[in-house]
Amino acid sequence: MAFKKSNKASQKTSLKQILKRCSSLGKKQGYDEEGFPVDVPKGHFVVYVGENRSRYIIPISFLTHPEFQNLLRRAEEEFGFDHDMGLTLPCEEVVFQSLTSMLR
């Protein structure tokens with residue numbers, strides 16, 4: 001399901017807010033002086049998936065895929081984006097792994 005053109009500006013803003021939130025979770029151990037995780041390559045971000053909240057590093061390019069955007073909408077509805085846990089996606093790990101293998 002593709003986004004309507006009238007929502008493009010608000011979608012870009014939402015995606016930027018998600019990325020900013022994911023990359024600025026705090027300056028704690030494992031983060032550089034700018035607040036970025038040291039183990040996350042440029043052009044990638046971290047998500048947490050499944051019952052055990054397994055950590056995955058995925059490319060930012062996934063944000064443009066409609067399937068991933070649907071997952072982000074579900075995450076916002078279920079968890080919201082205003083918390084300190086990072087971006088948590090509401091799906092089982094096996095489903096997430098299948099989705100990401102199709103997007104690569």
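In the hairpin formed by strands β1 and β2, four residues lie between the strands, and G50 adopts a positive phi near 85 degrees. The model described here is predicted. Strand β2 (residues 54-59) pairs with β1 in the antiparallel sense over six bridges, and within this pairing I58 of β2 stands opposite F45. Strand β1 also pairs with strand β3 (residues 87-89), here in the parallel sense and over three bridges. In that pairing, L87 of β3 is the bridge partner of V47. Five of the six residues of strand β1 (residues 44-49) are buried, so the strand is largely enclosed by the rest of the structure.

Aromatic contacts were examined next. A pair of aromatic rings is described by the distance of the centres and the angle of the planes. The count comes to three aromatic pairs. In one of them, F45 and F68 are arranged edge-to-face, with 6.4 Å centre to centre and 80 degrees between the planes. Because F45 lies in strand β1 and F68 in helix α2 (residues 66-78), this pair ties together parts that are 23 residues apart in sequence. Both F45 and F68 are buried. Together with F62, these two residues form one aromatic cluster.

Y56 and F96 form a tilted aromatic pair, with 5.0 Å centre to centre and 55 degrees between the planes. This pair links distant parts of the chain, since Y56 belongs to strand β2 and F96 to helix α3 (residues 93-103), 40 residues apart. Y56 has a relative accessible area of 18% and is therefore buried, given that buried means under 20%. F96 likewise counts as buried, at 1% relative accessibility.

Note on methods:
Residues numbered from 1 in each chain as written. Predicted model: local features only at pLDDT ≥ 70, side-chain atom pairs only at ≥ 80, totals over all residues. Heavy atoms only, no water. Buried < 20%, exposed > 50% of the residue type's maximum accessible area, 1.4 Å probe, protein only. Helix = DSSP H or I, 4+ residues; strand = E, 2+ residues; numbered from the N terminus. Pairing = 2+ DSSP bridges. Phe/Tyr/Trp six-rings, centres within 6.5 Å; stacked < 30°, edge-to-face > 60°.
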